[in-house]
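Hi,

Here is the structure I promised to pass on to you. Have a look at it first, and then read on for what turned up.

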Amino acid sequence: MKITILDDYFDTLRTLPCFGRLAGKTVEIWNDHVQDTDSLAERLKDTEVLVLIRERTKIQAPLLQRLPNLRLISQRSVYPHIDIDACNRHGVIVSSSQHAGIPSYAAAELTWALTLAAARQLPQQMAALKSGRWQIGVGTSLRHKTLGIFGYGRIGTAVAGYGRAFGMNVLVWSGEESRQRAQHDGYQTAASKQAFFEASDVLSLHLRLFPATRNIVTATDLDRMKPTAILVNTSRAGLIETGALEQALRSGRPGMAAVDVYENEPVTGTNNPLLTMDNVICTPHIGYVTREEYETQFSDIFDQIVAYAAGTPINVVNSRDQTFISGEPVLRGPAKTRGVLP
C-alpha cells in the first residue's frame with residue numbers, strides 16, 4: 001500500500017505518536033504545496049491512499065481521472081475541496097471524521113488570542129515599538145462588553161466559555177437547536193440576526209462552510225455593526241459575502257477585524273487587501289496548527305487508513321448517491337480488492 005501525505009509544511013506528522021499506526025506501510029510525505037494538476041498527478045501516480053491536511057489541496061475531477069491507483073482519501077472535517085461526485089465516478093472512498101463532540105481547543109484558543117490582540121492592538125503596538133515609537137493608541141477592555149457567538153458548536157461553545165471567564169456578556173445566534181443548548185448553558189440568545197449584529201462588541205464566527213452557510217454574513221449584516229466592534233473569523237472566509245468585509249472595514253463598520261482564513265489559500269505575497277489594512281489582524285490559517293491538535297486529528301485519519309486496509313472502511317462520506325456500475329458502486333482495483341462502498 002502506497003500512502004502519500006500532502007502539505008505537511010514543517011514535516012511534523014512523522015514526529016507524532018499516532019504516526020506509528022502506519023508502521024510497515026510505504027509512506028511518502030511532501031512538505032511543499034502545489035496545486036496544478038500536472039504536478040499533483042505526477043506526485044500521486046502510484047498512490048493508493050491519499051492523506052490530506054484539512055483543505056490545503058483541492059482534489060477535483062481533472063486530477064482524479066489521472067490517478068488510476070487511488071482508492072482512499074483520508075482526512076478530517078468538512079470537504080468542500082474534494083469533488084465527491086468525481087470520487088464516486090472513479091470508485092474512490094472518502095473517509096472524513098466529523099469529530100462530533102470533540103472540542104477543538106486549538107482553534108478556540110487562537111480565536112481568543114486574536115480577540116485580545118485586536119482589542120489591545122497588540123501587533124500594531126509591537127510593530128511601533130520595534131520601529132522606535134512608544135504608545136500609538138488606546139485599546140479597549142473586554143469586561144462587560146458583549147461577545148457575539150455566531151454558531152454554538154464545539155468551538156463556539158469553548159469561546160463562549162472564555163468570554164464568560166473574562167466577564168463578557170455572551171450573546172448567541174445560531175440554529176434553533178443550538179440556541180436552545182446555549183440557553184441551557186446559561187447564555188443569552190439574540191432575538192434576531194439583525195439584533196445580534198447590532199449588539200455585539202466582539203462578533204466571532206463559528207460555523208462550518210456548507211452551501212447553506214456560504215455568504216451567510218452579508219454586507220448589510222456588517223453595516224449594522226458598531227464602529228467600535230471587532231469581527232473575528234477563524235472558521236472560513238466563505239461565510240462572509242465576497243468583498244464585503246474589506247468594504248465594511250473601509251466604511252468603518254465594524255471598526256476592526258481579526259482573521260485567520262481567506263478565500264484563496266495559501267496567501268503568498270501581499271495581494272490580499274486585508275493584509276494591507278491597519279485595522280485588520282491577519283494570521284495564516286493556524287487555528288488548528290498545534291502539535292496537540294495534529295495528534296487528535298491524525299489519530300482519526302490514520303485509524304481510517306487502518307480500517308480501510310482491514311477491509312472495513314469507516315467514516316465514509318460518499319456512501320450514498322453513487323455512480324453505479326452493473327448495479328453497484330464499485331471500488332477500482334484488482335478483483336481481490338474490489339468491493340461495494342459501505
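Predicted model: local features only at pLDDT ≥ 70, side-chain atom pairs only at ≥ 80, totals over all residues.

Gln-121 sits in the loop between α4 (105-119) and α5. Although Gln-121 is not a glycine, its phi is positive, at about 55 degrees. Its relative accessible area of 22% makes Gln-121 partly exposed, because the buried class ends under 20%.

Leaving out residues up to four places away in sequence, Pro-123 touches Ala-117 and Ile-281. For a sense of distance, take Pro-123 and Leu-72: they are 51 residues apart in sequence, and their C-alpha atoms are 42 Å apart in space.

Asn-315 is another non-glycine residue with a positive phi of about 55 degrees. You will find Asn-315 in the segment after α11 (291-309), where its relative accessibility of 36% counts as partly exposed.

The bond from Arg-253 to Pro-254 is cis, with omega near 0 degrees. Pro-254 lies in the loop between α10 (244-251) and β11 (256-259). The bond from Glu-265 to Pro-266 is cis as well, again with omega near 0 degrees, and Pro-266 is in the loop between β11 and β12 (280-282).

Now for a strand residue. Which residues does Thr-146 contact, once its neighbours within four places in sequence are set aside? They are Met-168, Asn-169, Leu-171, Ala-199, Ser-200, Asp-201 and Val-202. Thr-146 lies in strand β6, residues 146-150, and at 16% relative accessibility Thr-146 counts as buried.

On to the cysteines. How many disulfides does the structure hold? The count is 0. As a reminder, a disulfide is a covalent bond between the sulfur atoms of two cysteines. Cys-87 is buried, with a relative accessible area of 0%, whereas Cys-282 counts as partly exposed at 27%.

Finally, the chain as a whole. Its secondary structure comes to 11 helices and 12 strands. The radius of gyration is 22 Å, close to the 20 Å that the globule rule gives for 342 residues, so the chain is as compact as a globular protein of that length. Along the principal axes, the C-alpha atoms fill a box of roughly 70 × 50 × 35 Å.

Of the 342 residues, 49% count as buried. Looking at contacts between residues at least 6 apart in sequence, 61% join residues at least 24 apart. The chain exposes about 16,200 Å², and carbon and sulfur atoms supply 52% of that area. As for charges, there are 35 positive and 34 negative ones, and their mean positions are 2 Å apart.

Best wishes, and happy browsing!

Methods
Residues numbered from 1 in each chain as written. Heavy atoms only, no water. Helix = DSSP H or I, 4+ residues; strand = E, 2+ residues; numbered from the N terminus. Rg over C-alpha atoms; globule rule 2.2 N^0.38 Å. Buried < 20%, exposed > 50% of the residue type's maximum accessible area, 1.4 Å probe, protein only. Contact = heavy atoms within 4.5 Å. Areas by Shrake-Rupley, 256 points an atom, 1.4 Å probe, with all protein chains shown as cover. Lys, Arg positive; Asp, Glu negative; His and termini not counted. Charge placed at Lys NZ, Arg CZ, Asp CG, Glu CD. Disulfide = S-S within 2.5 Å.
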